[in-house]
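Hello,

Here is the structure I said I would pass on. Please open it next to this email and follow along.

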Amino acid sequence: MNDSSSPDIIRHVAAGQLCCDPVWEAAYKRFETPEEEIAKFIKRLRRFGFETLKRDCRIVEIFCGRGNGLVALERMGFRNLEGVDLSDSLLEEYRGPAQLHLADCLDLPLDANHYDVVIVQGGLHHLPDMPTDLDRALAGVHRILKPSGKFYVIEPWKTPFLVFAHAVTELSLMRTLYAKGDALAIMTERERVTYEQWLGMPDVIRETFQRHFKIDSWKTTWGKLAAIAAPRVH
């Protein structure tokens with residue numbers, strides 16, 4: 001493993017896949033600095049109870065992007081880490097010991113019944129063909145998780161707070177005065193079709209989850225879904 005220079009990436013697909021809009025990626029990088037994002041992820045992981053998990057458990061983050069979620073896990077002491085994303089440009093930004101996979105999260109090239117934990121932090125709402133793609137992604141997560149494993153999910157969710165936040169950040173004056181709000185507005189604009197599709201089918205999303213998982217926790221507050229689920233025995 002490489003923890004200082006270029007990341008260790010297993011390339012299951014060709015580089016340059018058309019998964020990520022360069023304009024969206026640029027806005028995403030402006031929205032938070034790496035350290036801000038890492039701090040946010042550590043807070044999330046603590047709320048999920050990760051401090052109680054064994055530090056040698058096998059964890060994979062899907063839709064891991066530039067890998068700051070993996071850095072957060074490293075800083076919490078976790079050692080067996082992997083990440084999967086279809087953007088080689090984002091994966092190349094990661095610096096750390098985790099094993100990365102350039103791969104499609106709809107076709108996970110990972111061993112079955114192998115992982116104690118799978119995490120996704122804001123990737124499922126990018127899926128274009130809902131709910132078919134979601135069903136396919138969740139089936140893949142179910143396959144790679146151990147029967148005793150857990151799936152941790154953070155995704156946007158339509159709550160009054162989210163509606164208000166978008167209304168404010170899309171105001172032209174706010175976008176001029178507040179760089180972070182402008183970045184969020186650009187991200188929303190560039191992914192509007194998939195984003196609104198995701199936000200518009202909460203019941204379908206939960207039903208699809210329940211087809212593959214037993215839901216331990218399903219909280220929708222402050223514009224986010226925070227869920228913990230365990231594989232169903234088929």
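Below is what was found, going from the whole protein to single parts.

Please keep in mind that this is a predicted model.

Overall fold. The protein has ten helices and eight strands. Its radius of gyration is 17 Å, close to the 17 Å from the globule rule for 234 residues, so the protein is as compact as a globular protein of that length. The C-alpha trace spans about 50 × 45 × 35 Å along the principal axes. Buried residues make up 49% of the 234. If you take the contacts with a separation of 6 or more, 71% of them are between residues 24 or more positions apart.

In helix H10, residues 202-212, the buried residues are Ile205, Thr208, Phe209 and His212. Seen down the axis of H10, these residues fall within an arc of 100 degrees, so they line one face of the helix. What do the buried residues of H10 pack against? Their partners are helices H5 (132-144) and H9 (192-199), together with strands S6 (145-156), S7 (213-221) and S8 (224-231).

H9 has buried residues of its own: Thr194, Tyr195, Trp198 and Leu199. Seen down the axis of H9, they fall within an arc of 130 degrees, so they too line one face of their helix.

Trp157. This residue sits in the loop between S6 and helix H6 (160-169). Is Trp157 buried or exposed? Its relative accessibility is 10%, and buried means under 20%, so Trp157 counts as buried. Leaving out residues up to four places away in sequence, Trp157 touches Leu162, Trp198, Leu199, Pro202, Ile205, Trp218, Thr220, Gly223, Lys224 and Leu225. Of these, Trp198 and Leu199 are among the buried residues of H9, and Ile205 is among those of H10. Trp218 is 61 residues from Trp157 in sequence, while their C-alpha atoms are 11 Å apart in space.

Regards

Key:
Residues numbered from 1 in each chain as written. Predicted model: local features only at pLDDT ≥ 70, side-chain atom pairs only at ≥ 80, totals over all residues. Heavy atoms only, no water. Buried < 20%, exposed > 50% of the residue type's maximum accessible area, 1.4 Å probe, protein only. Helix = DSSP H or I, 4+ residues; strand = E, 2+ residues; numbered from the N terminus. Arc of directions from axis to C-beta. Contact = heavy atoms within 4.5 Å. Rg over C-alpha atoms; globule rule 2.2 N^0.38 Å.
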